[in-house]
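Student: I am new to this structure and would like a close look at a single part of it. Please take me through the pockets and then the residues around them, step by step.

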Amino acid sequence: MDKQPAVVFRNVGQLYFPQTRVECHYSLTSEHGWSSSDWIGIFQMGWSSVKHYHTYTWALVPEGYTEGTSVDHCAVFQASYLPRPSAVEYQFVYVDKVGKVCARSRPFTFCAPKPLEELETLKEEQDEEGGEEEELMLVIPRAQLLQSRLEQSLKKQAGLQRALDEAKKEVETEKETSKRARLEWETEKQAMKEEITELRDNLRQSCEMLKRLEEKHTDVKYSQEIQGSELRKLVAEKGENQQHVQDLRDEVKVLADREEQANMELQRLKERVKKMSSQIKHDEEKRKSLQVEVEASAAELHSLQEQLEASDHVAEGLRNELRDLSTQRNHTHAELHQVRLQVAQFTLQLSDQDLALREERATWALEREAYKHAAEIAKKKVQDLSCELQRKEEWLQEERTERDSLEAELGREEVLLSDAKRELQELKAALRKVQKGREQELLHKQDLVSCIRQLEMKLGIGEEANPNITEVKCISAPGSSSEKGDFAPSARSASSSSCPEESSTSEIPAETLSQSEGDESPVDSQDEKSQLSKRQTGEAKQLILPELVNPVLSELADSPMW
């Protein structure tokens, strides 16, 4: 295929009149490197050198022209420099700054107009000095009249084309803006995914730490059994037990520090939810502003279409007048038809772009609804968690009050068993603190799981953390089943069989205390034994109660992702 020329001459006629100026219309493509030294000459057919021109003029471009873009313009040859009427054929030639021929037009001739049939009479009003108006009769060639009308149509077409280009640029700018907003949203989504991964890692580490704490609890239980069997040797091993109690206190401090870290992390998650809510509001405002720009562009396009319709009517009238002309007029009619086809094609392109903008607007509306729904769910979950946290704090306060009353009651025991009971009370207090730390760890993990699920629901991520969540459910299952034990005995038996460590944990302090009392004071009265057994039963229940799980949190943990 032939290479497309960098310069193209347009609307070149077959006949020109030397008594009037001649306009040469040309188009510069993006491949042409324009220079102020480019010129257009009128050459006689058969020329052999660029120096054999009859006359020339500089090839100018419109103001604001940028290199590398396509542009349409025209050069004007004054009537005094044109050739005389003859049968000799001429052509336009475009020459660049280095003397290279960039384009040639088809041949044309200069001839004188015929006396009457090619002339048109126009009336023009002229003001005189006395204030009266006088009508003047002007006789001009019909071709010149048609050419002037054609020039007016071409100017209107160029104006419409510029308006159409500006509308296209505005549409492209809006598309780039929407793309940038989408890229920012994708970046935010990726950051959220990374944060969820970090939370999962933290949850996995917390699970491992809980396992290690359970192992330590098992060691404490074993040492408690040994101390129950060797209660008479507590005086000799008092120093070792005190060191063990100190270790337990250190662990309790470590658990308290971890609880503070978990609270800080929960606060950070709440702040993150607030930031996402503000981001959703910002996206909605941006979408509204884009919608206003699109409506303005649609109104502009409507006005452009009306102008195009008016231009079509004018072109139709010119076509009826030019139907009786020679080959030059037929060619002009064909070019006008081609221009109308291009305008229709531009109209179709604008309609396609309008349809694409409507689709993007619908997509933005769907995304806004999804964001709004996710924000409402997150707000509801946060409110539920705050209420649950308040209930847990009240329950802990009641447990502290009950523990204080039990400690006050234990302080009124007999003097003979004061040393052994004091040691045993310190061990039990340390064990309760460890159990309380374990309960707080479980609550913290449940909060983390619910927060992770909320984030996954907002981002549309699947249940990728099912193994970790299943592990947390297994740990919290005995508490939930024991809470419903009054109404479902079979469920309580199933929970005790699934996690036997919990039942053994609650039974060890009672057995140890009974064994220690049997070894230390076999001559105690029946009332003291009954009171002591009641206290043991209350303490065993107190060790089991912190493992209870709120049914609201358990239902949230078992609920589906969507």
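Tutor: Four helices, α1, α2 (238–321), α3 and α4 (418–459), each supply at least two residues of the lining of the second largest pocket. The model is a predicted one. Among these helices, α2 gives the largest share of that lining, 8 residues. The space in the second largest pocket comes to about 690 Å³. Its lining has 25 residues, and the closest to the centre are Glu-259, Ala-262, Asn-263, Gln-440 and His-444. Sorted by class, the lining of the second largest pocket holds 9 nonpolar, 7 polar and 9 charged residues.

The largest pocket has about 1,500 Å³ of space. It is lined by 39 residues, of which Arg-10, Val-71, Asp-72, Ala-158 and Gln-161 are the closest to its centre. Two or more lining residues come from each of β1 (7–10), β3 (22–28), β6 (71–77), α1 (142–229) and α3 (327–410). The element that gives the most to the lining of the largest pocket is α1, with 12 residues. By class, the lining of the largest pocket divides into 12 nonpolar, 16 polar and 11 charged residues.

Strand β3 also contains His-25. With a relative accessible area of 13%, His-25 falls under the 20% limit and is therefore buried. Leaving aside neighbours within four places in sequence, His-25 is in contact with Val-8, Phe-9, Arg-10, His-73, Cys-74 and Leu-154.

One of those contacts, Phe-9, leads on to the aromatic rings. Phe-9 forms one aromatic cluster with Tyr-16, Phe-77, Tyr-90, Phe-92, Phe-108 and Phe-110. Across the whole structure, a search finds 18 aromatic pairs. In the pair of Tyr-16 and Phe-108, the ring centres are 5.1 Å apart and the planes stand at 80°, so this pair is edge-to-face. Tyr-16 lies in strand β2 (residues 15–16) and Phe-108 in strand β9 (residues 108–110), so the pair ties together parts that are 92 residues apart in sequence. Both Tyr-16 and Phe-108 are buried.

Tyr-16 also pairs with Phe-110: the ring centres are 6.2 Å apart and the planes are at 40°, so that pair is tilted. Because Tyr-16 is in strand β2 and Phe-110 in strand β9, this pair ties together parts that are 94 residues apart in sequence. Tyr-16 counts as buried at 5% relative accessibility, and Phe-110 is buried with a relative accessible area of 1%.

Definitions and conventions
Residues are numbered from 1 along each chain as its sequence is written. This is a predicted model: local features need pLDDT of at least 70, side-chain atom pairs count only at pLDDT 80 or more; totals for chains, interfaces and linings use all residues. Side-chain values use heavy atoms; hydrogens and water are left out. On a 1 Å grid over the protein atoms alone, a cavity is a set of points where a 1.4 Å probe fits but cannot get out, and a pocket is an open set with protein on both sides within 12 Å along at least five of seven lines; lining residues have an atom within 4 Å of a point. Grid points are joined across faces, edges and corners, and a volume is the space filled by probe spheres set on the points. Ala, Val, Leu, Ile, Met, Phe, Trp, Tyr, Cys and Pro count as nonpolar, Asp, Glu, Lys and Arg as charged, and the others, Gly among them, as polar. Buried means under 20% relative accessible area, exposed over 50%, partly exposed in between (1.4 Å probe, protein chains only). Contact means heavy atoms within 4.5 Å. Rings of Phe, Tyr and Trp (its six-membered ring) pair if their centres lie within 6.5 Å; planes under 30 degrees apart count as stacked, over 60 as edge-to-face and the rest as tilted.
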